[in-house]
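Biologist: I've got a model open and would like to talk it through with you. Could you take my questions one at a time?

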Amino acid sequence: MEPPAPPPPPERPAHEDTRGFVRRYIFSTDHKIIGIQYIITGLLMALVGATLATLIRLQLGWPDHAWPLLEKLLPGGYQGGVMLPEFYLAVVTMHGTIMVFFFISYVLVSGFGNYLVPLQVGATDMAFPFLNMLSYWIAFLSAAVLIFSFFVAGGAAAAGWTAYPPLSAIAAAVPGSQMGQSLWLLSMALFIASFTMSGLNIVATVLSVRAPGLSMMRLPLTVWSYFIASILGLLAFPPLTAAAVMLLFDRHLGTSFFLPSGLVVANKVLTNTGGSPLLWQHLFWFLGHPEVYVLILPALGIACDIIPAFTRKPVYGYRMSVYCLWAVGALSMIVWGHHMFVSGMSPFTGEYFSLVTLTITVPMTIFGVNMLASLWGAKLELRSPMLFVCGVIALFGSGGLGGLFLGNATADMQLHDTYFVVGHFHMMIGGVTLLATFAAIYFWFPKMFGRTMNETLGKAHFWLTFAPFFTIFFMQHFLGIQGAPRRYYAFTAYDYLQKTRGQNLVISLSAFLLVSSQFIFIVNFVWSLVRGRVAEANPWRATTLEWTVPSPPPHGNFETVPTVERWAYEYGVRAPGGDFATQDVPAAAVPVTA
Amino acid sequence: MNADTAAVDAVAVREDQLKLGLWMFLATVTMLFAAFTSAYIVRRSGSDWRHVALPSILWLNSLVLAASSVAVEIANVRGTRTAWRSSAAAMVMAFALGIVFLAGQVVAWRQMVSAGVYLPTSPHSSFFFMLTGAHAVHVIAALAVLGWGAVATLSGARDPRAWTSRMSLCRTFWHYLGGVWLFLFALVSLY
Amino acid sequence: MLNYLLLTVGALFVAGYVALAYFIWKGSRRDAIGPRFASKKTERLLSAGLGLGMALIAEGGVLAIGIPVWSEYFDAVAPADAIEIEVTAQQFMWNVRYPGPDHVFGRTDPKLVDDNSNPLGLDRTDPQGKDDVIGLNDITVPFGRAVHVRLRSKDVIHSFFLPNFRVKQDAVPGMTPEVIFFPTQTGHFELACAELCGLAHYRMRGMFNVVSQKEFEEWLKKQQ
């Protein structure tokens with residue numbers, strides 16, 4: 001489990017960086033540049049995803065309303081000013097796909113993962129820098145293909161981000177299932193290739209280039225979370241690759257992997273025989289469930305490392321938290337069927353999945369309470385990163401509790417495919433991972449760019465994000481209990497849903513507030529890049545290794561390879577620099593407390 | 001610690017990294033074929049399953065692939081005895097046999113097609129083409145790795161230690177795919 | 001089940017927020033940190049306590065209430081007097097079929113399907129199909145009897161969702177999942193589709209009517 005740290009490479013004098021502009025910033029193999037490339041790409045994709053969300057909420061808040069301006073901007077999606085149902089479904093599908101894979105995964109997992117892991121393990125770069133560069137450019141291509149799919153005949157994929165066949169397999173079933181769905185599948189294949197390269201890199205780096213003395217149990221929780229999330233991704237993505245290949249074959253080459261006999265679409269009997277739509281669901285969710293843990297584990301790890309900088313004491317229960325990360329990772333691979341309780345799979349299998357799903361609550365609760373308990377006895381400084389982390393803790397608990405309903409197969413019968421699920425996963429992905437992403441940006445911006453973000457704008461951004469966010473997704477849980485199904489273009493066709501009109505209006509208005517508030521962040525981000533106050537090496541007085549090098553770090557990171565003799569949470573001690581000791585401080589200078 | 005031992009240790013770290021990277025990649029590839037296999041098993045239980053006769057050339061292809069694995073091993077043994085010329089010859093042989101294997105697979109596909117069995121003809125044929133296709137794609141990648149190893153051997157393997165590490169990667173990847181082939185062949189033939 | 005969860009989860013929710021608020025309030029008032037570590041004993045107790053507590057609430061709920069209800073639901077055999085209905089979903093409507101006095105559904109064949117004249121693809125030559133009663137988007141059942149629905153789909157996955165009855169089951173092409181339930185009230189209840197099926201997924205509405213035995217017989221006679 002803990003291989004001995006490799007022998008120290010020779011000391012290197014700080015070398016001159018002779019690379020030209022293209023090698024330095026475009027086709028760079030430096031993990032820091034690649035990390036920033038991922039982050040910028042992800043933030044741009046977030047703008048697209050947020051725009052799509054705005055369109056959704058416009059439609060749900062004011063169904064049947066005419067929007068002449070939108071028709072001018074998006075002529076394919078509107079008729080008579082009213083949004084077309086086929087466009088709505090494409091918007092919903094692409095919103096989900098972009099936010100999950102191209103925003104959170106790019107910014108939080110690949111972006112910050114690439115940036116932080118080599119620095120925090122005391123390395124000069126990733127284990128495979130060229131592979132790293134390749135992974136980014138394939139990721140870029142994947143995003144480009146997906147955006148391109150908006151502009152093909154039939155429009156973007158419209159079968160949901162889950163792409164269940166036969167809807168996603170038969171071109172006549174919904175317009176997005178023409179070329180749009182094929183491009184979606186191609187984009188996913190590229191994404192998976194890119195992610196695999198990235199994941200390999202992170203695992204290899206953590207195992208082979210840690211600084212001398214940096215044993216596994218001295219690693220910050222951030223590194224642990226990226227390590228485990230990467231292993232999870234490596235093992236979980238291939239079934240989706242397999243499924244995507246089979247779906248492409250069903251769509252274009254006449255096979256029947258997922259298409260059963262006797263299908264009649266547009267009054268024509270299809271020639272497929274014997275395939276199983278459920279097979280897609282099993283393969284998709286085999287990835288789909290671990291995927292959300294791939295997103296959330298780094299969020300939780302990062303939160304655990306930001307907390308101590310603002311409580312000035314060690315994170316609570318470090319060892320236990322590491323074990324919990326492992327437990328969650330392992331368990332997440334065997335619970336995928338809880339997405340399929342009413343799918344027609346065997347009820348006995350449903351019982352198994354229900355029982356195992358609820359065991360995940362154990363390590364997650366322990367981990368969550370460890371985060372909460374880290375605030376106990378703290379000397380709290382509520383700066384922007386810390387505010388966002390408090391938001392992470394709050395939404396982790398709130399959203400996570402919804403999981404108790406959904407994991408319970410019997411309760412799920414009422415709640416499956418309703419807004420309860422939408423509320424739950426937005427709280428977890430939108431809430432926990434999004435707020436953690438913001439926390440990470442505010443926290444590491446000074447290190448990445450050598451400048452400081454504006455604190456007042458940061459605080460305003462937090463409150464104007466947290467309040468509407470909580471409102472929207474907490475309310476959606478109740479919409480689900482009232483029986484409002486997902487992916488409905490409007491709720492106007494049902495008597496029992498008329499009473500949701502007011503709630504949808506409130507949710508839509510809150511959503512507009514949420515989206516507009518992000519401009520505060522964009523302004524802060526861009527302004528600070530150019531005119532922010534110059535940042536010192538360790539503005540937050542934090543202990544992990546990235547804070548021991550200049551802001552921004554030079555190419556090659558460390559002038560001399562650090563030697564580590566302590567864990568990552570030496571806060572609350574008497575040290576020459578203050579109340580903390582960075583990980584490279586020798587044991588002789590400041591006593592080691594763990 | 002002097003500069004020489006430091007340099008050697010840096011090489012050792014690099015070897016470990018590459019080996020680690022390869023094993024993790026193989027874990028990913030294993031999951032891919034595991035997913036295909038589980039899909040096969042699920043589909044096999046369908047009432048419309050019809051086993052199509054597979055071309056007998058597949059047996060020959062299997063032998064060719066096995067022979068190329070043997071050739072790689074011979075290359076390794078000869079190299080450890082610093083018999084670089086015969087080692088290089090064996091590597092070239094292994095590479096050539098790999099190409100022959102791929103050619104043989106193409107022949108097998110063409111025989112299927114001329115017998116009127118295409119990709120969508122039956123579930124069994126769908127899986128046959130898809131599984132052999134996926135395997136062939138990975139073989140092409142492995143040929144690149146094998147080529148890299150062959151080049152190192154051909155140049156007289158000036159650095160035996162680095163050569164051993166390179167060979168280890170080649171052997172692992174190549175034998176792995178040979179093993180995957182045997183498994184897939186058994187699956188589509190027998191089950 | 002829902003009440004149990006709402007109560008327990010609600011309590012945990014409130015407790016969590018109170019604790020968070022307290023720590024944040026206390027922490028921002030402090031000048032110096034408290035003890036750096038909790039004792040090993042506290043850590044162990046907290047973990048064990050939390051683990052067992054959560055396990056009890058979550059798994060306990062599933063084991064004590066969830067699974068028994070789930071098993072009862074799925075192991076249930078339709079009573080002899082259950083009303084048998086076949087619902088075939090398609091884009092974007094619910095085809096309804098009753099087996100008629102012979103209690104046997106007639107043969108169907110996808111090749112015979114014509115969306116205008118024969119949406120179910122009924123084999124008109126099958127004697128057992130002659131007494132089948134066909135309807136669209138309207139299901140009527142007599143109060144006091146169990147309902148046994150066989151679900152089919154012609155094109156994509158749909159889902160048979162009766163929000164008032166907490167009944168939900170996907171209608172998957174190539175399969176025939178079944179639902180058995182016992183209405184406890186008369187009235188007119190809406191049927192919604194709960195699995196994305198295309199453009200008009202949002203208005204794939206049906207009516208599920210629970211009426212008296214007499215009304216049901218009158219209605220059935222009128223359909224035949």
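Biologist: How many residues does the contact take from chain B and from chain A?
Modeller: Keep in mind that this is a predicted model. Residues count as touching when their backbone-placed C-beta atoms lie within 7 Å. On that basis the contact takes 26 residues from chain B and 31 residues from chain A.

Biologist: Which helix gives the largest share of the side of chain B that touches chain A?
Modeller: Two helices of chain B, α1 (3-44) and α4 (123-154), each supply at least two residues to that side. By class, that side has 18 nonpolar, five polar and three charged residues. The largest share, 19 residues, comes from α1(B).

Biologist: What pattern does chain B follow along the sequence?
Modeller: Chain B has five helices and zero strands. Its C-alpha trace spans about 70 × 30 × 20 Å along the principal axes. Read along the sequence, the pattern is α-α-α-α-α.

Biologist: What percentage of the residues in chain B is buried?
Modeller: Buried here needs 20 or more other C-beta atoms within 10 Å of a residue's own. Out of the 191 residues in chain B, the buried part comes to 37%.

Notes: Residues numbered from 1 in each chain as written. Chains lettered and ligands numbered in written order. Predicted model: local features only at pLDDT ≥ 70, side-chain atom pairs only at ≥ 80, totals over all residues. Contact = placed C-beta atoms within 7 Å. Helix = DSSP H or I, 4+ residues; strand = E, 2+ residues; numbered from the N terminus. Nonpolar A, V, L, I, M, F, W, Y, C, P; charged D, E, K, R; others polar. Buried ≥ 20, exposed ≤ 12 C-beta atoms within 10 Å, placed from the backbone.
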